[in-house]
Number of protein chains: 2
Amino acid sequence: MNNIFAAIPADLTSEVFEILAQSDQVKIERIISKGHSSTETGWYDQAQHEWVIVLEGQAIIEFDDQTTITLSAGDYLIIKPHQKHKVAWTAPDIETVWLAVHY
Amino acid sequence: MNNIFAAIPADLTSEVFEILAQSDQVKIERIISKGHSSTETGWYDQAQHEWVIVLEGQAIIEFDDQTTITLSAGDYLIIKPHQKHKVAWTAPDIETVWLAVHY
């Protein structure tokens, strides 16, 4: 049995992206962050919808209209295609476990 | 902000299915169970893949080869198209919160 909170990689120097399931139209992935942000790599600008939930930890997403959203465990949102966004902050002391569905 | 653990319906006489996001190919839904099973309604026999995770509570899924899988918080699996299955049991005293992605 796979558990979304298990097998957290010991090396979290970079964020860790793992594909849990995939088809032609859909990608389900787990993302582990620990103090990471995407502010230096620029905006995410995705062709697909992204339904994303924080299952553990805490994160702040920033949109290019300068609004920010703070996500705690259980919080979810839909990011529309080409809705530019960054991960502005993730908790530095604990792992943040995300589940993202790209569709 | 929507939270997957919030707004649990007061009336859980029946299981509660709520669509969180949907496209032509994908349906993301929250399911709340409390002591429910699908043993009386027969086998689920679905045309699509289902990626399903238990986020809170506990459940047992039964397959038609008589294997069973017990799911606790964080446990997930993929149910293949036409892999017949039932929810054999869910925790009677607490809510079981499922997230299912049909694709």
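Between chain A and chain B, eight residue pairs are in polar contact, both residues of each pair being at pLDDT 80 or more; a polar contact is a pair of N or O atoms within 3.5 Å, where within protein one must be able to donate a hydrogen and the other to accept it, and residues adjacent in sequence count only if both atoms are side-chain atoms. This is a predicted model, in which local features need pLDDT of at least 70 and side-chain atom pairs count only at pLDDT 80 or more, while totals for chains, interfaces and linings use all residues. Residues are numbered from 1 along each chain as its sequence is written, chains are lettered from A and ligands numbered from 1 in the order in which they are written, and side-chain values use heavy atoms, with hydrogens and water left out.

**First stop: the interface**

Select both chains and display the boundary between them. Chain A gives 26 residues to the contact and chain B gives 26 residues, contact meaning heavy atoms within 4.5 Å. The area buried between chain A and chain B is about 2,200 Å², and carbon and sulfur atoms give 75% of that area; buried area is the accessible area (1.4 Å probe) that two parts lose on being put together, summed over both. On the side of chain A that touches chain B, at least two residues each come from β1, β2 (16-22), β4 (50-56), β6, β7 (75-79) and β9 (96-102) of chain A. Strands (E, at least two residues) are DSSP runs, numbered from the N terminus. Across the interface of chain A and chain B the rule finds zero salt bridges, a salt bridge being a side-chain nitrogen of Lys or Arg within 4 Å of a carboxyl oxygen of Asp or Glu.

Next, select the strands of an open sheet of six, in the order β1(A)-β7(B)-β4(B)-β9(B)-β3(B)-β2(B), with antiparallel pairing. Its edge strands are β1 (2-3) of chain A and β2 (16-22) of chain B, each of which pairs on one side only. Two strands pair if DSSP finds at least two bridges between them.

Within this sheet, select β4 (residues 50-56) of chain B. Six of its seven residues are buried, so the strand is largely enclosed by the rest of the structure; buried means under 20% relative accessible area, exposed over 50%, and partly exposed in between (1.4 Å probe, protein chains only). Four bridges connect β4(B) with the antiparallel β7(B), where Trp51(B) stands opposite Ile78(B). Six bridges connect β4(B) with β9 (residues 96-102) of chain B, also antiparallel, and here Val52(B) faces Ala100(B).

Move on to β2(B), which pairs with β3 (residues 27-33) of chain B over six bridges in the antiparallel sense. Glu18(B) stands opposite Arg30(B) in that pair of strands.

Select Asp75(B), which lies in strand β7 (residues 75-79) of chain B. This residue is buried yet has no salt bridge, and the nearest side chain of opposite charge, Arg30(A), is 10 Å away. Which side chain joins that of Asp75(B) in a polar contact of 2.8 Å? The partner is Asn3(A). Leaving aside residues up to four places away in sequence, Asp75(B) touches Met1(A), Asn2(A) and Asn3(A), together with Val52(B), Ile53(B), Val54(B) and Thr70(B).

Select Arg30(A) and Glu18(A), whose side chains meet in one of them at 2.8 Å, N to O. Arg30(A) lies in strand β3 (residues 27-33) of chain A and Glu18(A) in strand β2 of chain A, so the pair ties together parts twelve residues apart in sequence. Arg30(A) is buried at 4% relative accessibility, while Glu18(A) is partly exposed at 27%.

Then select Lys34(A) and Glu95(A), which form a salt bridge with their closest N and O atoms 3.8 Å apart. Lys34(A) is in the loop between β3 and β4 of chain A and Glu95(A) in the loop between β8 (85-90) and β9 of chain A, 61 residues apart. In chain B, Glu95(B) and Lys34(B) meet in a salt bridge at 3.8 Å, N to O.

**Last stop: two glutamines**

Finally, select Gln66(A), in the loop between β5 (59-63) and β6 (68-71) of chain A. Its phi is near 75°, a positive value in a residue other than glycine, and Gln66(A) is exposed, with a relative accessible area of 69%. Gln66(B) has a positive phi of about 75° and is exposed at 70%.

Key
Lys and Arg count as positive and Asp and Glu as negative; His and the chain ends are not counted.
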